[in-house]
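Hi,

Here is the structure I promised to pass on to you.

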Amino acid sequence: MRYAGLNPNDMSAAPGVSVSFFTQGCSHHCKGCHNPETWDFDGGKEFTWDTMNEILDSITTNGITRSLAIMGGEPLCEHNAFLTLLICKTVKEKIPKAPIYIWSGYTYEHLKHTGDPHVRGVLEIADYLIDGPYIQELRDITLPMRGSSNQNIIDLKQKL
C-alpha cells in the first residue's frame with residue numbers, strides 16, 4: 001500500500017486545522033488537477049504502521065483534536081479503498097471525535113452503488129464526502145473545500 005504524502009498542519013483542506021493524507025494513484029486524470037504527481041499507482045511511499053501512528057499523533061497534537069482529510073490521488077478507487085478504510089477505522093477507534101473528510105472524484109451516487117465493501121465501509125465511517133471530479137471549466141476558488149462547482153459536500157451521517 002502506497003501513499004503520496006502527509007500534511008500534519010493543513011489550514012486549507014477542511015474547517016480549522018486538519019491532518020491531510022494523500023493517497024497514491026488515480027485514474028481520473030482530471031484536467032488541471034492540483035496533484036498530478038499522485039496519479040502513478042507505483043509512486044509515493046510505502047505505508048507502514050509508523051505512518052498510521054504519525055497520523056494518529058498528528059490528529060491529537062497539543063491536546064487538540066484535528067480533523068482528518070483523506071484525498072488523493074483517489075482514496076476510493078479499488079486500489080486505495082482498503083487503505084482508506086483501514087485509516088478511517090483506526091482513527092475512529094482511537095480518536096472517535098475526529099471528523100473525517102474524504103475527497104473523491106467519484107460521485108456519491110456512484111459510490112453508494114458500488115459492490116466494493118471497503119468503499120461502503122468508508123461511507124459508513126467517514127463524516128463528510130466531497131464528491132465529483134474536478135472540472136477545470138467549472139473552477140470556482142470561492143467554494144469551501146471544493147475546486148469546481150459540480151462538486152458537493154455531503155454530510156454522510158445525515159445520508160445514512
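Let me begin at the start of helix α4, where a side-chain oxygen of Asp116 comes to within 2.7 Å of the backbone nitrogen of His118. I call this a polar contact, meaning a pair of N or O atoms within 3.5 Å; within protein, one must be able to donate a hydrogen and the other to accept it, and residues adjacent in sequence count only if both atoms are side-chain atoms.

Before going on, please note that this is a predicted model: local features need pLDDT of at least 70, side-chain atom pairs count only at pLDDT 80 or more, and totals for chains, interfaces and linings use all residues. Residues are numbered from 1 along each chain as its sequence is written, and side-chain values use heavy atoms, with hydrogens and water left out.

Back to α4, which covers residues 117–125. Its buried residues are Val119, Gly121, Val122, Leu123 and Ile125, where buried means under 20% relative accessible area, exposed over 50% and partly exposed in between (1.4 Å probe, protein chains only). Their cover includes α2 (81–94), β5 (100–103), α3 (108–112), β6 (128–131) and α5 (156–159).

The other spot to look at is Gln151, in the loop between β6 and β7 (152–155). Is Gln151 buried or exposed? With a relative accessible area of 8%, Gln151 is buried. A polar atom of its side chain lies 3.1 Å from the backbone oxygen of Gly132, and a polar atom of the Gln151 side chain is also 2.9 Å from the backbone nitrogen of Gly147. Leaving aside residues up to four places away in sequence, Gln151 touches Asp131, Gly132, Pro133, Tyr134 and Arg146; contact here means heavy atoms within 4.5 Å.

Now for the whole chain. It has 5 helices and 7 strands, in the order β-β-β-α-β-α-β-α-α-β-β-α from the N terminus. These are DSSP runs numbered from the N terminus: helices are H or I with at least four residues, strands E with at least two. Buried residues make up 48% of the 160 residues. Of the contacts with a separation of 6 or more, 64% are between residues 24 or more positions apart. Along its principal axes, the C-alpha trace spans about 40 × 35 × 30 Å.

Happy to talk any of this through.

Best wishes
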